[in-house]
Amino acid sequence: MPTSATDRRRPCVCLPATAPTPGAIGLIELHGDVAGVLERLTTVRAWPVGRLRLVRFDEIDEGLAGRIRPDVAHLMPHGGPRVMQRLVARLAELGAPVADPVDVAPRDRYPEARDEVEALMLATLARAHSPLAVDLLLDQPRRWRDRPAFAAEDEERSRRLDRLVDPPRVVLAGPPNVGKSTLSNALFGRALSITLDRPGTTRDYTRGWLDLGGLVVQWHDTPGLRDGADEIERRAIALAVDLMESADLLVAITDGGHPWPVLPRRPHLRVASRTDLGERADADVSVCAPSGDGIADLVRLLRDALVPPDDLAHPGPWRFDARLERA
Ligand SMILES: Nc1nc2c(ncn2[C@@H]2O[C@H](COP(=O)(O)OP(=O)(O)OP(=O)(O)O)[C@@H](O)[C@H]2O)c(=O)[nH]1
Ligand SMILES: [Mg+2]
């Protein structure tokens with residue numbers, strides 16, 4: 001259960017709030033009974049609320065620190081990963097271990113928020129992967145304030161919009177040597193997979209984050225599906241079939257010289273590839289990855305299948321956090 005802002009006697013915990021990558025300034029939040037930890041970490045004894053100080057964090061670093069509420073303090077050391085790691089380790093020794101973010105109430109993490117919905121929105125904004133989520137999330141506090149009744153269709157739309165926060169899993173599947181990896185590499189703009197004019201080139205599936213016109217997905221390029229493969233390839237195919245079963249979007253691909261693949265479930269989209277070598281009329285979209293033909297259409301179809309434009313344009317509220325029911 002998230003702890004309450006008014007419970008000042010709860011044990012102190014820390015939350016590194018900046019990414020674990022190099023940065024100029026880092027931010028570590030302290031929540032709970034922060035006074036004792038601040039005193040032990042620095043040489044300063046009095047920590048009135050609202051005053052920002054330049055202090056030494058033990059022998060580790062120098063930086064800014066301030067108590068922004070009786071039970072919340074912010075430490076701003078230099079943002080090098082090693083400085084942050086050492087400071088977090090020292091805080092644990094001083095009695096402020098790292099907390100799970102879900103155990104700290106959003107109002108405590110975002111004291112600047114005007115209400116619970118705005119605090120939940122800021123928490124979601126901080127972890128949303130897709131650029132398309134930003135404006136939509138920023139508008140949610142207003143929508144929830146003026147909200148009409150929340151209907152079943154709002155719930156379904158909300159589950160699709162959640163894909164803007166947690167990237168959906170997209171799996172590309174087809175026969176060997178039809179250009180799956182060449183297409184994947186074209187979408188990534190770099191060589192994620194090896195490509196070769198030989199069936200069975202891709203074995204273990206490869207994956208990466210891909211921005212499809214503002215929607216970030218986790219894209220999977222898989223080995224070509226065929227019988228008679230050796231033991232290693234058979235195992236790679238079995239792994240890929242598991243992925244296909246759990247995909248949020250399954251994309252079938254083939255070229256003019258191969259049949260459609262037999263997949264463990266019906267694909268959401270059918271892509272014809274290598275169109276310069278031969279066309280086919282029974283696909284949703286046709287692409288030629290080396291020339292780029294059809295790629296923009298494919299990106300739009302993929303994005304619209306996962307997050308329909310009507311959902312993005314809908315003026316109703318999005319239940320982007322399960323706790324909104326109680327808000
Ligand atoms: N002419 C032409 N060749 C292509 C096109 N796309 C891919 N190729 C070539 O087709 C061959 C197979 O491409 P891959 O991308 O390795 O095919 P794959 O489906 O990933 O193959 P596996 O990993 O073996 O299943 C390579 O020689 C590519 O250069 C295309 O649009 N036109
Ligand atoms: Mg391949």
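Me: Which residues come nearest to ligand 1?
Reply: G179, S181, D197, T202 and G224 do, out of 23 residues around ligand 1. A residue counts as near if its C-beta atom, placed from the backbone, lies within 6 Å of the molecule. This is a predicted model: local features need pLDDT of at least 70, side-chain atom pairs count only at pLDDT 80 or more, and totals for chains, interfaces and linings use all residues. Residues are numbered from 1 along each chain as its sequence is written, while chains are lettered from A and ligands numbered from 1 in the order in which they are written.

Me: What makes S181 buried?
Reply: The cut-off is 20 or more other C-beta atoms within 10 Å of its own, with 12 or fewer for exposed and partly exposed in between; C-beta atoms are placed from the backbone. S181 has 24, so S181 is buried.

Me: With which residues is S181 in contact, leaving aside neighbours within four places in sequence?
Reply: S193, I194, T195, T201, T202 and D221. Contact means that the two C-beta atoms, placed from the backbone, lie within 7 Å.

Me: What does helix α8 give to the shell around ligand 1?
Reply: Helix α8 (residues 180-188) gives the most, with 3 residues. S181 lies in this helix. Helices are DSSP runs of H or I, at least four residues; strands are runs of E, at least two; both are numbered from the N terminus.

Me: How do you know that the span of helix α4 agrees with its number of residues?
Reply: The expected span is 1.5 Å times one less than the number of residues. Helix α4 (residues 116-127) has 12 residues, so it should span 16 Å. Its end C-alpha atoms are 17 Å apart, which agrees.

Me: Which residues of α4 are buried, and what covers them?
Reply: V117, E118, A119, L120, M121 and A123 are buried. Their cover includes α3 (106-109), α5 (133-138) and α6 (140-145).

Me: How does the radius of gyration of the protein chain compare with that of a compact globule?
Reply: The globule rule is 2.2 Å times the number of residues to the power 0.38, and the radius is taken over C-alpha atoms. For 327 residues the rule gives a value near 20 Å, but the protein chain has 25 Å. Its C-alpha atoms fill a box of roughly 75 × 50 × 30 Å along the principal axes.

Me: What separates the centres of domain 1 and domain 3?
Reply: 46 Å, taken over C-alpha atoms. Domain 1 is 13-109 and domain 3 is 169-306. These bounds come from an automatic or database domain assignment.
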